[in-house]
Amino acid sequence: MALVRLTHVEDGIEAEMICALLREYDVRCAVAGSLGPTAGARGIVGSAMRAVQGDLAPTDVLVHEDDLELAQQVLAAPIVEDEPEPGT
């Protein structure tokens, strides 16, 4: 299974937040340019850039191609905030 780009974000913190959301739906994901074995779309250049700039470097969120459609649906879904319970 190949990794494909789901989206491009401004920094690694946002990318990790997106991955956390996707994992709640059992979507396998990775942050491109990470120093781990899933370093993806940017390869060595992305890894070096993230090593220098840390989590503030623009990056890509990658998902397994089998999970792409579900991941797109998760990102496109409106955010529904819980309403506070009466009396709180």
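Two salt bridges turn up in this structure, a salt bridge being a side-chain nitrogen of Lys or Arg within 4 Å of a carboxyl oxygen of Asp or Glu. The model is predicted, so local features need pLDDT of at least 70 and side-chain atom pairs count only at pLDDT 80 or more, while totals for chains, interfaces and linings use all residues. Residues are numbered from 1 along each chain as its sequence is written, and side-chain values use heavy atoms, with hydrogens and water left out.

**Salt bridges**

- Asp 60 and Arg 5 join through their side chains, at 3.6 Å from N to O. Asp 60 sits in strand β3 (residues 59–64) and Arg 5 in strand β1 (residues 3–9), so this pair links parts that are 55 residues apart in sequence. Helices (H or I, at least four residues) and strands (E, at least two) are DSSP runs, numbered from the N terminus.
- Asp 60 is buried at 3% relative accessibility, whereas Arg 5 is exposed at 53%. The cut-offs are under 20% relative accessible area for buried, over 50% for exposed, and partly exposed in between (1.4 Å probe, protein chains only).
- In the other pair, Asp 67 meets Arg 28 with the closest N and O atoms 2.9 Å apart. Asp 67 is in the loop between β3 and α3 (68–76) and Arg 28 in the loop between α1 (12–23) and β2 (29–31), so the pair ties together parts that are 39 residues apart in sequence.
- Asp 67 is buried at 11%, and Arg 28 is partly exposed at 36%.

**Cysteines**

- There are zero disulfides here, taking a disulfide as a pair of cysteine sulfur atoms within 2.5 Å.
- Cys 19 is buried with a relative accessible area of 0%, and Cys 29 is buried at 15%.

- Asp 26 has a positive phi of about 60 degrees, although it is not a glycine. Asp 26 belongs to the loop between α1 and β2 and is exposed at 68% relative accessibility.

**The sheet**

- Three strands make an open sheet in the order β1-β3-β2, with antiparallel pairing; strands pair if DSSP finds at least two bridges between them.
- β1 and β2 stand at the edges with a single partner strand each, so one side of each has no neighbour in the sheet.
- β2 and β3 are joined by three bridges, and Ala 30 has Leu 62 in β3 as its bridge partner.
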